[in-house]
Amino acid sequence: GYATCLEAKDLPLLREAVAVPLSDMNTPMAGLFPEFEHLEMYASRLPGLPFPQLLEKFAEESRLDDGKYFFCKQDPMIAIAKLLENVPGLSVKDRYNFCTAPVDLRDEVAMAALLDYAMKYCSVIMVACIAEKSAVSVWI
């Protein structure tokens, strides 16, 4: 997989953490979450199932062996999926990408912005983004 940091100054710490051999870690369990390709394959077997229900059903039917792994909590992803449920024109890939956006579910402004962005995305409309105190337009 891939990992990165928001701040470049944190990269050495990340590299140090990733370099620790698994056998040296004192971690009893590891959390797993499906990649898009897993959900895409699963969705192809259940055509027409709304994305929030697809996520829930996938988690219910997943099996993890030997007690070393657990299925990561997906409540935030399901909440975003429900928010976007009535947005027309989003593919399963689009929905997955929007549902993995780092957004605070308690922030109504952020959730409204995510919904607005998704609506504009599926309508191929310009979206205004704020960067470094200056507005820029990006074509999506």
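Lys-57 is partly exposed, with a relative accessibility of 31%, where buried means under 20% relative accessible area, exposed over 50%, and partly exposed in between (1.4 Å probe, protein chains only). The model is predicted, so local features need pLDDT of at least 70 and side-chain atom pairs count only at pLDDT 80 or more, while totals for chains, interfaces and linings use all residues. Residues are numbered from 1 along each chain as its sequence is written, and side-chain values use heavy atoms, with hydrogens and water left out.

Side chains of opposite charge can pair when their charged atoms come close. Lys-57 forms a salt bridge with Glu-61 (3.1 Å, N to O); the term denotes a side-chain nitrogen of Lys or Arg within 4 Å of a carboxyl oxygen of Asp or Glu. Both residues lie in helix H3, four residues apart, about one turn of the helix. Helices here are DSSP runs (H or I, at least four residues), numbered from the N terminus. Glu-61 is partly exposed, at 42%.

The whole structure contains five salt bridges. Another of them joins Glu-56 and Lys-82 (4.0 Å, N to O). This pair links distant parts of the chain, as Glu-56 is in helix H3 (residues 51-61) and Lys-82 in helix H4 (residues 75-83), 26 residues apart.

Arg-95, in helix H5 (residues 92-99), is buried yet has no salt bridge. The nearest side chain of opposite charge, Asp-94, is 7.5 Å away; Lys and Arg count as positive and Asp and Glu as negative, with His and the chain ends not counted.

Note on methods
Helices (H or I, at least four residues) and strands (E, at least two) are DSSP runs, numbered from the N terminus.
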